[in-house]
Amino acid sequence: MHLIESYALNSGAKIDKPYIYDKFFPLSFENDFIVIQPSSELKSKRYKYWNEVLNILIPKLKENDIKIVLVGPQKGMAINNPYCYTTCGQANPNQLSYIIEKSTLYVGPDSLASHIASSENKKMVVMFSITTPSSCEPYWSDENKVISLIPDMKGDKYSYSSNEISNKIDTINPEKIAESVLSLLGIEFEYDFETVHI
């Protein structure tokens, strides 16, 4: 059961599409950009290999004149790439909603940003780590606009923990994330390598 359905069942409230008042956030461009959330307040949702993902994505995005805006908290942010415009730690939820509404696609962990993107019915690549996709997947999105990536569980169960000894999210291969993003953008994916071990 999805968490929203569980809340509705326990509270007696009806499920409706959320609304967030958008607040302007200054960007040096207005369209043709994707949103990446590389950081999280929860340590277990911080993906270590964003730079590897960007090494695959950026050449293809440059060819198609698509920019990258980074969102989310500053805590755990490990990207320092001149092609990425960062708003990490700067945008409040209303400004985050404004940025996502202007974007073409969201990619990152299951988070507030992913649910805002779902309420806007944006194309999305959502990375799950500590919770099951069935309980936290984007609720308001069209199925064909969402790719959910799950970690290699190796027989384990989802931890539902803010701290993991070794983050399961890191078992999602960088090329899989890049391939999913490019697929939703309609850009051909060519990559001659496969991650065997990190």
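## A walk through the predicted model

Ser166 lies in the loop between strand 6 and helix 6, where helices (H or I, at least four residues) and strands (E, at least two) are DSSP runs, numbered from the N terminus. At 54% relative accessibility, Ser166 counts as exposed; buried means under 20% relative accessible area, exposed over 50%, and partly exposed in between (1.4 Å probe, protein chains only). Although Ser166 and Ser44 are 122 residues apart in sequence, their C-alpha atoms are 8.1 Å apart in space.

A word on the ground rules: this is a predicted model, in which local features need pLDDT of at least 70 and side-chain atom pairs count only at pLDDT 80 or more, while totals for chains, interfaces and linings use all residues. Residues are numbered from 1 along each chain as its sequence is written, and side-chain values use heavy atoms, with hydrogens and water left out.

The loop that holds Ser166 also holds Tyr160, between strand 6 (146-149) and helix 6. Tyr160 is not a glycine, yet its phi is positive, about 55 degrees. With a relative accessible area of 52%, Tyr160 is exposed. Asp32 is another non-glycine residue with a positive phi of about 55 degrees. Look for Asp32 in the loop between helix 1 (3-11) and strand 1 (33-36); its relative accessible area of 43% makes Asp32 partly exposed.

Let us move on to helix 6. Helix 2 (residues 50-63) and helix 6 (residues 174-185) pack at an angle of about 30 degrees, with their axes 8 Å apart. Here axes are lines fitted to C-alpha atoms, for helices over the stretch in contact, and angles run from 0 to 180 degrees between N-to-C directions. Helix 2 is therefore roughly parallel to helix 6, as angles under 35 degrees count as roughly parallel, over 145 as roughly antiparallel, 65 to 115 as roughly perpendicular and the rest as oblique. The crossing of these two helices is right-handed; a crossing is right-handed if the near helix is turned clockwise from the far one by less than a right angle, and left-handed if anticlockwise. On the helix 2 side, the contact (heavy atoms within 4.5 Å) is made by Trp50, Glu52, Val53, Ile56, Leu57, Lys60 and Leu61. Helix 6 contributes Pro174, Glu175, Ile177, Ala178, Val181, Leu182 and Leu185.

Leu185 deserves a stop of its own. This helix 6 residue counts as buried, at 17% relative accessibility. Not counting residues up to four places away in sequence, Leu185 touches Ile34, Leu61, Ile66, Thr104 and Leu105. Leu185 and Lys145 are 40 residues apart in sequence, and 10.0 Å separates their C-alpha atoms.

The axes of helix 3 (residues 93-102) and helix 4 (residues 112-119) come within 10 Å and cross at roughly 50 degrees, so helix 3 is oblique to helix 4. Their contact joins Pro93, Leu96, Ser97 and Ile100 of helix 3 to Leu112, Ala113, Ile116 and Ala117 of helix 4. This crossing is right-handed. Because six of the eight residues of helix 4 are buried, this helix is largely enclosed by the rest of the structure. Those buried residues are Ala113, Ser114, Ile116, Ala117, Ser118 and Ser119, and they pack against helix 3, strand 4 (105-109) and strand 5 (123-127). After helix 4 comes Asn121, whose phi is positive, near 55 degrees.

Now for the rings. A search of the whole structure finds eight aromatic pairs. In one of them, Tyr139 and Trp140 have ring centres 5.4 Å apart and planes at 75 degrees, so the pair is edge-to-face. By definition, rings of Phe, Tyr and Trp (its six-membered ring) pair if their centres lie within 6.5 Å, and planes under 30 degrees apart count as stacked, over 60 as edge-to-face and the rest as tilted. Tyr139 is partly exposed, at 28% relative accessibility, and Trp140 is also partly exposed, at 22%.

Elsewhere, Phe29, Phe33 and Tyr85 form one aromatic cluster. Lys67 lies over the face of Phe29, at 5.6 Å from the ring centre; a charge sits over a ring if NZ of Lys or CZ of Arg is within 6 Å of the ring centre and within 35 degrees of the ring normal.

Leaving aside neighbours within four places in sequence, His2 is in contact with Ser134, Ser135, Cys136, Glu137 and Tyr139. His2 is buried, with a relative accessible area of 5%.
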